[in-house]
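Let's take a look at this protein together.

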Amino acid sequence: MSQYLTFTDEVREALDSGKPIVALETTIISHGMPYPQNIEMARTVERIIREQGAVPATIGIMDGRVKIGLNEQELEAFATSNPVEKVSRRDFAYLLSSGKIGATTVAATMIGAALAGIDVFATGGIGGVHREGETTMDVSADLTELAQTNVAVVCAGAKSILDIGRTLEYLETHGVPVIGYNTDEFPSFYARESGYGVDFRLDEPAQVADVLNKKWQLGLQGGAIIANPVPAESALQHAEIEGVIQQALNEAKEQNITGKKVTPFLLARIKELTAGRSLETNIALVYHNAKVAAQIAVALKA
């Protein structure tokens, strides 16, 4: 794999010496937030991870290589370049072949992390089964990746724009454990609640690390979800955000927006309808996930 992967010196040294590492995606930089909030968020997330004793490895595709860790110039490129391709499993080989710049989704970041030997990944929210998915068959590749790739994903649940009930059913069918971190209820990204439970509740990084270790030592392939609710002071009310999402979904349908264009459209429209509060919540939950992921990565190495 060495001809396809490149590492920053910091990440290479961490891998060689067995230090804890946390993978980070680039789609949230290129497609999830506007400039300059996106680059500020990316820098802050890396700082938070270092403060917890781990090493950040932001993953993306550039110049025919999978970048495991980005330098300052590369981070800036993902934050400002247009267009940046959105990369999932199906796009991986094409982006490497084309030499284009590609921002990794949850699925693609998990692939990159696994290739590099990184066990823990912090993101905002996972993809899942879209609303009306029983008709459209629109199911995120994030879910199938979780079923087969040994990377733990720390997230604030699934994005609220999704059908959370069906998403959890899909994860159950594929044997992906959904761990509530200090919560009995599965969070819904902007809100701390969703009306759905988790499989297990764990309250300490060492407990999560022990479960992950035993899962992988037993040869039980696939990842795990560590569902980490957005801090209460930054959360939106579930009923309020549900109304906003429904309006945005209706507008997307009216404008015939489909496929990978749906999520960026919805996130931008939700930001407009909440007068920017959704973006503030998004940033807060990413920071919280980074902190928890770093603590779990440290516990895994311990």
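Before we talk about angles, here's what they mean: a helix axis is a line fitted to C-alpha atoms over the stretch in contact, and the angle between two axes runs from 0 to 180 degrees between N-to-C directions. Keep in mind that this is a predicted model.

Start with helix α3, residues 37-51, and helix α4, residues 72-80: they pack at an angle of about 140 degrees, and their axes lie 9 Å apart. That angle makes α3 oblique to α4, because anything over 145 degrees would be needed to count as roughly antiparallel. As for handedness, α3 passes α4 in a right-handed crossing.

## Who touches whom

Which residues do the touching between α3 and α4? On the α3 side you'll find N38, I39, A42, R43 and E46, and on the α4 side they meet E72, L75, E76 and A79. Sorted by class, this contact has 4 nonpolar, 1 polar and 4 charged residues.

## The whole chain

Now zoom out. The chain's secondary structure comes to 13 helices and 11 strands. Its radius of gyration is 18 Å, close to the 19 Å that the globule rule gives for 302 residues, so the chain is as compact as a globular protein of that length. Along its principal axes, the C-alpha trace spans about 50 × 40 × 35 Å.

How much of the chain is buried? Buried residues make up 56% of the 302 residues. And if you take the contacts with a separation of 6 or more, 73% of them are between residues 24 or more positions apart.

Terms used: Residues numbered from 1 in each chain as written. Predicted model: local features only at pLDDT ≥ 70, side-chain atom pairs only at ≥ 80, totals over all residues. Heavy atoms only, no water. Helix = DSSP H or I, 4+ residues; strand = E, 2+ residues; numbered from the N terminus. Parallel < 35°, antiparallel > 145°, perpendicular 65-115°, else oblique. Left-handed = near helix turned anticlockwise from the far one by under 90°. Contact = heavy atoms within 4.5 Å. Nonpolar A, V, L, I, M, F, W, Y, C, P; charged D, E, K, R; others polar. Rg over C-alpha atoms; globule rule 2.2 N^0.38 Å. Buried < 20%, exposed > 50% of the residue type's maximum accessible area, 1.4 Å probe, protein only.
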